[in-house]
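Here are some reading notes for anyone opening this one for the first time. Keep the sequence and the 3D view side by side as you go.

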Amino acid sequence: FELFNPPTENKLQSPPNLEWEKWAENEFGNAFLGDPRRTDRLIKIASWRAAKPSDSLPQCFDNKAKLKAAYHFYDNPGINREAILTSHYLATPERLSTENLVLAVSETTEIDYSHHQSKKGLGYWHDLNPHGLLWHSTWVVTPAKVPLGLLDQPIIYRDIDHFGKKH
């Protein structure tokens, strides 16, 4: 009797369906990443990730070549977070236009790197002990809590040289 049977490396996983591919094209098709092939790769990665949002990267891709391509995409210095987000920001108003009422919900996540060996280049939060970044997201949701997209998502870095100074 087996309670859990993890997939083996040889077990093929189903590709994303057309719905996820259309969604990814709508969300990220306007991402200017310097080369149209990068945008195409972003759309492919996003559709695979959307089809399996809880899975790790190795579980999302049905072969090692696709997984390696995803890792190369993420490691590519030509991939710009802002360009990807801008494409999403452009797609969000389309969803908003179908709603009578939406809520803008803000949330700040503290990303703590205090225990990492190298803290060079990291900011502070509320005092000098934690080292890291603040990730501030403003989500748009319906009153029924259906997410419609992001309005903004800056990463806030507080320079240690400015600690204790009034604004």
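1. **Ground rules.** This is a predicted model, where local features need pLDDT of at least 70, side-chain atom pairs count only at pLDDT 80 or more, and totals for chains, interfaces and linings use all residues. Residues are numbered from 1 along each chain as its sequence is written, and side-chain values use heavy atoms, with hydrogens and water left out.

2. **Overall layout.** The protein has 5 helices and 5 strands. Both kinds of element are DSSP runs numbered from the N terminus: helices are H or I with at least four residues, strands are E with at least two. Reading from the N terminus, the order is α-α-α-α-α-β-β-β-β-β. Of the 167 residues, 32% are buried (buried is under 20% relative accessible area, exposed is over 50%, partly exposed is in between, with a 1.4 Å probe and protein chains only). Among contacts with a separation of 6 or more, 57% join residues 24 or more positions apart; contact here means heavy atoms within 4.5 Å.

3. **Helix 1 against helix 2.** Two packed helices are described by the angle between their axes and the distance between the axes. The axes of helix 1 (residues 18–28) and helix 2 (residues 36–51) come within 8 Å and cross at roughly 130 degrees. Axes are lines fitted to C-alpha atoms, for helices over the stretch in contact, with angles from 0 to 180 degrees between N-to-C directions. Helix 1 and helix 2 are therefore oblique to each other (under 35 degrees is roughly parallel, over 145 roughly antiparallel, 65 to 115 roughly perpendicular, and the rest oblique). Their crossing is right-handed; a crossing is right-handed if the near helix is turned clockwise from the far one by less than a right angle, and left-handed if anticlockwise.

4. **Who makes that contact.** Helix 1 brings Trp-20, Glu-21, Trp-23, Ala-24, Glu-25 and Phe-28, while helix 2 brings Thr-39, Leu-42, Ile-43, Ala-46, Ser-47, Ala-50 and Ala-51. By class, the contact of helix 1 with helix 2 has 9 nonpolar, 2 polar and 2 charged residues. Nonpolar covers Ala, Val, Leu, Ile, Met, Phe, Trp, Tyr, Cys and Pro; charged covers Asp, Glu, Lys and Arg; the others, Gly among them, are polar.

5. **Helix 2 against helix 4.** Now turn to helix 4 (residues 64–75). The axes of helix 2 and helix 4 come within 11 Å and cross at roughly 120 degrees, and the crossing is left-handed. Helix 2 and helix 4 are therefore oblique to each other. From helix 2, Arg-38, Arg-41, Leu-42, Ile-45, Trp-48 and Arg-49 meet Lys-66, Ala-69, Ala-70, Phe-73 and Tyr-74 of helix 4. The contact of helix 2 with helix 4 divides into 7 nonpolar, no polar and 4 charged residues.

6. **Salt bridges.** There are 4 salt bridges in the structure, each a side-chain nitrogen of Lys or Arg within 4 Å of a carboxyl oxygen of Asp or Glu. One of them pairs Glu-27 with Arg-95, with the closest N and O atoms 2.4 Å apart. Glu-27 sits in helix 1 and Arg-95 in helix 5 (residues 81–96), so this pair ties together parts that are 68 residues apart in sequence. Glu-27 is buried, at 1% relative accessible area, whereas Arg-95 is partly exposed at 22%.

7. **Other bridges to look at.** Asp-35 and Arg-37 meet through their side chains at 2.6 Å, N to O, and Arg-37 is exposed at 64% relative accessibility. Asp-62 bridges to Lys-66, where the closest N and O atoms are 3.2 Å apart. Lys-66 is partly exposed, with a relative accessible area of 29%.

8. **Tyr-71.** Which residues does Tyr-71 touch, not counting those up to four places away in sequence? Leu-57 and Pro-58. Tyr-71 lies in helix 4 and is partly exposed, at 38% relative accessible area. Its C-alpha atom is 8.8 Å from that of Leu-57, which is 14 residues away along the chain.

9. Lys-145 is in the loop between strand 3 (131–141) and strand 4 (147–152). Its phi is near 70 degrees, a positive value in a residue other than glycine, and Lys-145 is exposed at 71%. Tyr-157 is in the segment after strand 5 (155–156) and is partly exposed at 40%.
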